[in-house]
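This report concerns aromatic rings and the charges placed over them. The structure is shown first, and the analysis follows.

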Amino acid sequence: MEGPKSKRRRSIRNGIEENTMAILDSSAPNDSQDVTDDGIAFLEAVRSSSLLPEDGTPPSCKMRAEVFQILKDGKSIELIMASYQLLIELDKRFPRVCLTDVNKADSSMGEPLELAVSKEDWVPFAFGTGVGYADRDAADEKAGGPIDSQGFQNLVQDISNMANGRDSQAENIKFLGNMLLFQYLVNILEGDFLPRNKVYEGTMKWTLLRESLINMLLASRRINYKSLMKDCLSTLLALCHLPAGLRTDDLRSENDASIRQNECCNNAVAFALIEIGQDACLALQRLLVMVMELDNSRKTADTHGLITRADGVRTPLVEIIVDELTYDSDMLSKILQVFCDPRWKLDIALQYFSKYAAKPSVHTRRSNGSTDDKTFSGVLKCFSNNTSTKSITKKLNPVVAQLLLAHAFQASISVSLESCDEGISNSKDKAEGSSLMDICKNLISAFRSLRRTDEHMRILPLAREAIFTAATILSTK
Amino acid sequence: MEDGALDIELEDPISRPRVSANKRRKIIGLDDLLTDFYKEQSKHLEKQSKREKPQKSFDSDDDDDTAQNSKEALLSQYVVECQQKMEEISSDDDISSWGMQVFGDQKTPPPLKFPELQSCSLLNSFQKNELNSLVELSLEKGEGFLEGLLINGWLLKLALTCGHVEQSIATWTFYSMNEGLRSSACEFWCAILASNNKVDQTAIRIDWLPSFAELKRALETYGFLLDSTSNVLSNVEPSHADSDTEGPPQNIRAWIKFVAAACQARSKTTMFSTVEVEELVGFLICFFLDRVFQGLSVQLHHSMVSALNYFTDEEWCLSCERISNLLSSRVPKDLNCLRILECISGPNARCKQFRSAVAYQLIITCLDGKVTDTEDILKSLISINVKDKSCDLFKTYICLVLAENWLLFGSLLEEKPYIEEMWNLCLRNCSCQITSTDLRLYASKVRNKASYLLQEK
């Protein structure tokens with residue numbers, strides 16, 4: 001039964017592929033409007049054959065690769081937007097990796113989930129040096145091919161460079177295209193990693209994560225993992241300055257430019273740059289969070305003895321970030337400001353504290369003392385009396401201390417709101433053991449003792465806002 | 001009518017070679033034109049040189065060179081002519097594309113003053129707090145302090161933990177979307193509305209909610225041209241603008257996101273009536289027509305889908321029809337109406353139904369409202385004689401794509417088999433009665449579209 005049906009399906013699919021690819025087979029490739037029109041018609045055809053029917057089949061690898069190529073080419077704003085949207089929607093509809101419930105009837109918590117990975121599917125990445133990839137490289141050569149680890153790092157660097165300045169309209173469109181391409185790649189990495197990590201947490205099968213795209217990217221020998229992460233951080237900073245830079249430069253100077261007929265396009269680009277810049281900034285953060293989650297899982301795998309020499313050695317990302325931030329308090333403030341994920345923001349702040357303000361343990365019970373400074377309440381306790389506060393401010397610049405306290409406080413509010421949402425008290429919570437009320441009280445007393453150690457200490461605006469928030473929360477509850 | 005249809009049926013077997021995919025040519029390439037032209041010319045040249053030959057015999061040998069030269073000159077002249085002709089053709093081919101001017105000059109927004117901000121209880125209650133020695137907050141600097149709270153995200157955290165947004169804060173943050181604070185203010189509103197949308201959570205009490213009128217007024221200050229005075233959009237004119245006030249301001253991004261959040265929040269916070277949301281959908285779809293918004297298509301699409309999902313199933317039937325009517329009265333019947341269909345691209349049932357309904361209304365107005373039901377539409381499409389030199393192929397192309405959208409996104413083809421037969425007939429007419437050498441504008445477009453659709457079956 002299955003045989004002829006699937007055969008028929010495949011032949012239909014081939015027919016569709018041939019017809020659809022023919023749309024692109026233009027004989028007048030020089031006219032840019034024609035290229036755009038043909039491209040749009042092609043994307044529409046892929047959309048209507050794959051996404052619209054209830055039982056639509058995914059487009060063939062060749063077609064997907066072509067859509068990807070249109071995004072990579074970045075010929076016009078219309079084409080990059082349409083190809084990006086189509087790729088995202090295709091991925092949502094036909095995920096490459098997904099979870100299947102082992103017994104669907106009883107999908108209650110704790111049931112082991114299984115991973116379904118479709119091997120045939122097209123992937124925009126080619127990592128590693130396996131034999132399988134050699135064929136693929138040759139086949140995809142014509143269509144530009146998938147991205148390897150070096151290509152990924154180049155992309156991140158290009159975005160950073162272009163965020164700092166672009167010379168022409170063509171570069172603006174290229175910049176937009178690069179950001180969309182990056183967002184799409186992060187989407188792919190995430191769609192691959194999240195389900196794997198979920199199953200890993202239940203089953204402790206490290207192989208699942210070892211084979212994840214993100215792990216293969218980071219483990220690739222073609223690039224230096226640390227420098228990739230540092231590139232990501234500097235790109236993050238470059239992107240969060242984009243709106244401010246645009247308001248004065250691009251919007252005005254585009255208008256002053258002598259090229260008037262492209263006015264509309266310029267405006268469209270100016271609009272898109274801010275919006276897509278923000279999205280790319282979020283995508284970068286998602287990438288960083290993913291790496292940190294992977295680090296976490298790797299740590300647990302290591303304690304179970306699952307990490308082998310083949311896995312290599314890798315500095316956890318949080319350590320890299322903290323090291324980077326130590327040299328630059330300006331960067332510290334910016335990164336903490338722009339970083340949205342509250343759990344990891346809190347973690348970065350806490351690591352910073354524990355690294356530079358770790359005080360000799362005065363705890364009587366060792367079991368308690370070893371973990372205490374890993375929680376925010378533990379840190380706040382260090383500021384509870386004058387002597388310990390003084391010893392911290394000797395090592396830690398008071399401005400930095402204020403920044404860390406304020407940001408860690410904000411992150412703890414979010415974490416406590418989130419765990420309220422989930423309705424479960426996560427035992428791993430950093431805020432665990434103390435309610436939001438306690439944190440508010442302790443935060444206020446921490447700032448009081450900071451002030452006591454130095455009467456003339458200037459309180460940062462952010463810190464004033466934090467104190468105000470803590471006091472207001474206390475007074476309303 | 002019946003006869004016309006029959007005629008074509010009879011003609012059909014002869015004029016219908018099964019078009020195979022690899023034989024099919026997309027358009028007649030310029031290369032083909034060039035080779036044809038050269039063939040023609042070389043025949044011409046040959047004839048000419050034959051005619052010249054007898055004369056030549058009287059000439060001396062030296063003249064061979066000059067003859068050669070004149071031949072070359074002639075040839076190069078032909079090449080130049082040919083090139084010119086090709087340029088003409090290709091510039092003719094440079095057919096109009098979509099694009100409308102949806103936003104004109106921005107108006108100066110009314111000055112925003114918020115005297116009540118100083119009396120807001122958030123700031124006032126803190127005055128008595130002994131912690132003010134650390135914070136040093138004075139009411140005169142209250143607004144500046146609130147801005148800091150907003151930008152750094154504290155205001156949102158306060159709203160979420162305390163579960164209340166007082167009126168003065170609500171109005172101030174809403175109108176701040178017009179100012180430099182827009183992205184923070186927009187994030188604030190979207191987050192509190194989204195938070196209210198969550199199940200089993202006590203909703204945040206928001207003392208003031210913006211109304212539809214407020215949103216519409218905002219659009220008017222942005223220079224939106226579809227206000228109460230004019231209801232029809234104009235085609236985009238070559239930009240004469242050298243001012244910064246032309247086209248929508250950056251705030252429009254906040255507006256679009258706010259509409260999405262507001263529509264999604266319906267279950268807990270109802271801000272608009274169904275008629276108002278119909279208007280909003282109409283606005284959003286018009287935005288798609290302005291090329292300025294090309295880079296915002298992700299956000300626009302999100303907003304449009306949120307607005308479409310606002311309606312309950314009972315409301316939807318009527319609203320769908322009303323929005324379609326609204327759009328068909330506003331959008332010119334050219335490539336712009338095809339553009340809006342492309343934009344209604346969600347894969348869910350409601351989007352598909354909407355796309356089909358809009359296409360249906362558009363095709364009715366395209367056929368000048370003479371048709372009233374589905375059969376009539378198809379009959380008048382079939383009756384188009386594409387071979388006729390005076391046939392408006394542009395209109396045929398528009399109608400063909402509209403019909404495609406109407407039929408393929410709707411459920412009519414499955415419900416009524418005879419509709420499918422009529423549709424096939426119409427497609428065969430268009431694909432077979434136009435030859436591949438037809439040079440009329442849009443001839444190849446109509447032909448290719450129809451044969452593509454036939455093959456997809």
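## Charges over rings

A charge is taken to sit over a ring if NZ of Lys or CZ of Arg is within 6 Å of the ring centre and within 35 degrees of the ring normal. By this criterion, the charged end of Arg314(A) sits over the ring of Tyr225(A), 5.6 Å from its centre. In chain B, the ring of Trp98(B) has the charged end of Arg291(B) over it, 4.0 Å from the ring centre.

## Basis of the model

The model is predicted: local features need pLDDT of at least 70 and side-chain atom pairs count only at pLDDT 80 or more, whereas totals for chains, interfaces and linings use all residues. Residues are numbered from 1 along each chain as its sequence is written, chains are lettered from A in the order in which they are written, and side-chain values use heavy atoms, with hydrogens and water left out.

## Aromatic pairs

Over all chains there are 32 aromatic pairs (ring centres of Phe, Tyr and Trp, the latter by its six-membered ring, within 6.5 Å; planes under 30 degrees apart are stacked, over 60 edge-to-face, the rest tilted). Phe409(A) and Trp154(B) are stacked, because their ring centres lie 5.8 Å apart with planes at 25°. Phe409(A) belongs to helix H20 of chain A and Trp154(B) to helix H7 of chain B, so this pair joins two chains. Phe409(A) is buried at 0% relative accessible area (buried means under 20%, exposed over 50%, partly exposed in between, with a 1.4 Å probe and protein chains only).

## An aromatic cluster

One aromatic cluster includes Phe271(A), Phe103(B), Phe224(B) and Trp255(B). Phe103(B) is buried, with a relative accessible area of 1%, and Phe224(B) is buried at 4%.

How values were computed. Helices (H or I, at least four residues) and strands (E, at least two) are DSSP runs, numbered from the N terminus.
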